[in-house]
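Dear colleague,

Please find below the structure that I am handing over to you, together with its sequence.

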Amino acid sequence: MTARISHWIDGKHWAGVADRTGEVFDPATGEVRAHVDFAGDGQVAEAVAAAARAFPRWRDTSLAARSRILFAFRELLTARKDELAKIVTAEHGKVESDAAGEIARAIENVEYACGAPQMLKGGFSENASRGVDVYSIAQPLGVVGVISPFNFPAMVPLWFVPNAIACGNTVVLKPSEKDPSAAVFIAELLAEAGLPDGVVNVLHGDKVAVDGLLTHPDVQAISFVGSTPIARYVYETGTSHGKRVQALGGAKNHMVVLPDADLDLAADAAVSAGFGSAGERCMAVSVVVAVEPVAGELIAKITERMSRLRVGDGRDPASEMGPLVTAGHRDKVQSYVDAGIAEGADLVVDGRDIAVEGGGFWLGPTLFDRVTPEMSVYRDEIFGPVLSVVRADGYDSALELVNANAYGNGTAIFTNDGRAARRFQNEVEVGMIGLNVPIPVPVSYYSFGGWKDSLFGDSHAYGPEGFHFFTRTKVVTSRWPDPSQGGVNLGFPRNS
């Protein structure tokens, strides 16, 4: 009998009977490991109501008390990080070392959120006018929804939830139905850390649950990470219902390699960033732009490194790359390999025939050369272990290629020329840039987010912008009565 994964509402596991459920697979074996309850309108209403009831008390909880709970949560998460990594690997498929890295970055964001008292200080101007003080205060929004993707089932929820609750909001988290257990584990740890019932709720499901959060009148804001078409839908639907929305979309991340670069370092980076987590990262490098005359040598070095990659069950310490998350996703990624061949790209390494014992959703690392911008293998976000090489004849044509792309999430340049690197960071139209760093995910005290079709809304995730997103500002102008300043004045207020 398979396990059941259900909602976490008002501080406890939901005890009802779901009208619909979904299957949660072990990607390394292809077996169903659990069934997850899908929320209907009733469960959406129940979760939002629990968050709404909890909000007044949590809003008025002191910053010191909120921080103590987050510190306690951080200690519990650190103590049980290995257990959470195993949960991530079992449902997502990424190798345990990669899952451990995901959780380490998540813990950094929790640590940043522990500093909420510092981040939520307002401004104060004494005697802005005679006898008048002016000051600002940041207050929480209310109930916020967080909709997270399958590729980082622990880290992405912890991009948003700690900052949201540190600011005094309450949360309804809707994780991916493909790997939902990590979100429940996080909610349980928050409860153990002392978080009051209803402050964080977890709601499982599909579009019904998403639409319920996007349209519910008591949900004030939505944070979303996922593909660009869905990010656009979330942004347009949420804002049309009067909500503040930050929606992070997809990517087609380029890594530009200039002729003066250290090609061994560049090859290491291309393989690491292209095939880590089987390419299921929004910051994965999917295009290497080789500025001639280095393409041939660079491809040879990448190919040699790919031949040594160990693909297997993520629970095996020897494995470096695991399976894809579902059979459907594996088939979709494989269809892009077929399309790349049909469209005329040179298939250098073919990952379609990889054989791994025990079934599962496998596709090996794949490399194309002589890819051109009109090909679907270049144009679309593939979200799998497919790396494309585009040859450019100079820096300017490489930059033009990156800037012409519809996405603007992350990019990198490999060079030993500081002038070229400085020019690139100034001219490239992308939100996150790596200089000899292939995956430039910002640390927790900066903020994550791209440009163009990689972001809808004007707020990036976590860091200072995260605190700004989860609060709204009041400006108070204060004067205490002084009989000498009385009298009627119908003119516009002036400072004096």
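Which hand does the crossing of α2 and α4 have? The crossing of these two helices is left-handed. Before the details, please note that this is a predicted model.

Helix packing

Helix α2 comprises residues 63–79 and helix α4 residues 96–113; their axes lie 9 Å apart, and the angle between them is about 165°. Angles over 145 degrees count as roughly antiparallel, and α2 is therefore roughly antiparallel to α4. On the α2 side, the residues that meet α4 are Leu 70, Phe 73, Arg 74, Leu 77 and Thr 78. Their partners in α4 are Ile 107, Val 110, Glu 111 and Ala 113. Sorted by class, the contact of α2 with α4 contains six nonpolar residues, one polar residue and two charged residues.

A further pair is formed by α3 (residues 81–92) and α7 (residues 181–192), whose axes come within 9 Å and cross at roughly 160°. These helices are therefore also roughly antiparallel to each other. The crossing in which α3 passes α7 is right-handed. Helix α3 contributes Glu 83, Leu 84, Ile 87, Val 88 and Glu 91 to the contact, while α7 contributes Ser 181, Ala 182 and Phe 185. The contact of α3 with α7 is made up of five nonpolar residues, one polar residue and two charged residues.

The pair α14 (residues 395–404) and α15 (residues 418–427) has axes that come within 11 Å and cross at roughly 25°. Since angles under 35 degrees count as roughly parallel, α14 and α15 are therefore roughly parallel to each other. Their crossing is right-handed. In α14, Tyr 395, Asp 396, Leu 399 and Asn 403 take part, and they meet Ala 420, Arg 423, Phe 424 and Glu 427 of α15. Here the classes are four nonpolar, one polar and three charged residues.

The largest pocket

The volume of the largest pocket is about 790 Å³. It is lined by 32 residues, of which Phe 150, Phe 224, Gly 226, Ser 227 and Ile 230 are the closest to its centre. Which element gives the most to the lining of the largest pocket? That element is α9, with four residues. In terms of class, the pocket lining divides into 14 nonpolar, ten polar and eight charged residues.

Cavities

How many cavities of 30 Å³ or more are there? The count comes to five. The largest cavity holds about 120 Å³ of space. Its lining consists of 16 residues, and those closest to the centre are Gly 279, Arg 281, Ala 284, Ser 286 and Phe 383. By class, the lining of the largest cavity has seven nonpolar, five polar and four charged residues.

In brief, the pairs described above include the left-handed crossing of α2 and α4 and the right-handed crossing of α14 and α15. As for space, the largest pocket has a volume of about 790 Å³, and the largest cavity has about 120 Å³.

With kind regards

Definitions and conventions
Residues numbered from 1 in each chain as written. Predicted model: local features only at pLDDT ≥ 70, side-chain atom pairs only at ≥ 80, totals over all residues. Heavy atoms only, no water. Axes fitted to C-alpha atoms, helices over the stretch in contact; angles between N-to-C directions. Parallel < 35°, antiparallel > 145°, perpendicular 65-115°, else oblique. Left-handed = near helix turned anticlockwise from the far one by under 90°. Contact = heavy atoms within 4.5 Å. Nonpolar A, V, L, I, M, F, W, Y, C, P; charged D, E, K, R; others polar. 1 Å grid on protein atoms, 1.4 Å probe; cavity = no way out; pocket = protein on both sides within 12 Å on 5 of 7 lines; lining within 4 Å. Points joined across faces, edges and corners; volume = space filled by probe spheres on them.
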